[in-house]
Amino acid sequence: MVLLRNMRLDAVRHTLQTSPGANVTTIALDHGFGHLGRFSAYYRERFGELPRDTTTRPFLPCM
């Protein structure tokens, strides 16, 4: 279950990074996170920041 959740969190992060002005709630729900409080806690635990912080920072792809 943790592996699946981490894969979904990675997908959310990628979407947030590549979609300027994206709605965090909509993206979380689209990726199967029904409890937004838990989603935010899992996201912060995995990436060290809140999902809204990801949307405000420019995305620099790895080369």
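Which side chain meets Glu49 in a salt bridge? The partner is Arg13, with 2.8 Å from N to O; a salt bridge here is a side-chain nitrogen of Lys or Arg within 4 Å of a carboxyl oxygen of Asp or Glu. This is a predicted model, in which local features need pLDDT of at least 70 and side-chain atom pairs count only at pLDDT 80 or more, while totals for chains, interfaces and linings use all residues. Residues are numbered from 1 along each chain as its sequence is written, and side-chain values use heavy atoms, leaving out hydrogens and water.

Let's stay with that pair for a moment. Glu49 sits in the loop between H3 and helix H4 (51–56), and Arg13 belongs to helix H1, 36 residues apart. Helices are DSSP runs of H or I, at least four residues, numbered from the N terminus. Glu49 is buried at 9% relative accessible area, and Arg13 is buried at 18%; buried means under 20%, exposed over 50% and partly exposed in between, with a 1.4 Å probe and protein chains only.

The count comes to 2 salt bridges. Asp10 and Arg46 form one of them, at 3.0 Å from N to O. Asp10 lies in H1 (residues 2–18) and Arg46 in H3 (residues 36–47), so this pair also ties together parts 36 residues apart in sequence. Here Asp10 is partly exposed at 34%, as is Arg46 at 37%.

Notes:
Helix = DSSP H or I, 4+ residues; strand = E, 2+ residues; numbered from the N terminus.
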